[in-house]
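Have a look at the structure first, then follow the points below.

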Amino acid sequence: MENLLKSLKIQVNEGLYIKDPETSDLGRRIVKESILMIDQIGFEHFTFKKLGTEIGSNESSIYRYFENKHKLLLYLTSWHWGWLEYQLVFGTNNMNNVEDKLKKAIEIITRPTKFDATYSHIDEVKLNNIVVNEYSKSYLTKEVDIENKEGYFAIYKRLVNRLKEMILEVNPDFEFPSSLASTVLEGSLHQRFLKNHFPSLTNCSEKQGPNTFFKHLVFNSLNN
């Protein structure tokens, strides 16, 4: 899988950037340092001016790549979902038993993120922190319907749809496959957030992640 991933580029909607940051050293530095900075200070306090100072470049040079920090957040989170989708596809590709395949898919979606040296300019662990803490800010906006029509959330929706199809393979008569699939994806983020900030509201901990809970939830729902 690792060798195959090295030859693959995570495809992100072209509408999210003005110039593809993957095409230059400056663009990759913008992506790399924005992940580190947003993870450290939060999206609200992050600005292109601060980022420019960090990378030793003019603020205007960042605007040549991204229209605003909202588009940058959409780019980063879309990249994360694309990276997770590749793991899901390759991690379940040769599995014939549909229940084992679904269990593996849930494991991939809910497991802790590990650093992937394939993409040297992206710290996947810190990017996952951003997705857990900041992703909802990318779509809880007045422009969400317009941006949805532009395909800005296509990778995320495609990932949910892949999980939905695996659910239907286990139980073709299940009435709520999309709701269950999106609950697993969104819920895994929410449970991690609760673990980090409101631990009394979740049974997830450092020793036990959300994987066991969501397997229990999904298969109990399908068996009923």
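Which side chain meets that of Glu85 in a salt bridge? It is the side chain of Arg158, at 2.7 Å from N to O. This is a predicted model, where local features need pLDDT of at least 70, side-chain atom pairs count only at pLDDT 80 or more, and totals for chains, interfaces and linings use all residues. Residues are numbered from 1 along each chain as its sequence is written, and side-chain values use heavy atoms, leaving out hydrogens and water.

- A salt bridge here is a side-chain nitrogen of Lys or Arg within 4 Å of a carboxyl oxygen of Asp or Glu.
- Glu85 lies in helix α5 (residues 69–92) and Arg158 in helix α10 (residues 154–170), so their pair ties together parts 73 residues apart in sequence.
- Helices are DSSP runs (H or I, at least four residues), numbered from the N terminus.
- Glu85 also forms a salt bridge with Arg162, with the closest N and O atoms 2.7 Å apart.
- Glu85 is buried, with a relative accessible area of 6%, while Arg162 is partly exposed at 34%.
- Buried means under 20% relative accessible area, exposed over 50%, and partly exposed in between (1.4 Å probe, protein chains only).

**Other salt bridges**
- The whole structure holds 12 salt bridges.
- Asp39 and Lys126 meet in one of 3.6 Å, N to O.
- Asp39 sits in helix α2 (residues 25–41) and Lys126 in helix α7 (residues 124–134), so this pair joins parts 87 residues apart in sequence.
- A network of salt bridges links Glu44, Glu134 and Lys137.

How values were computed:
Helix = DSSP H or I, 4+ residues; strand = E, 2+ residues; numbered from the N terminus.
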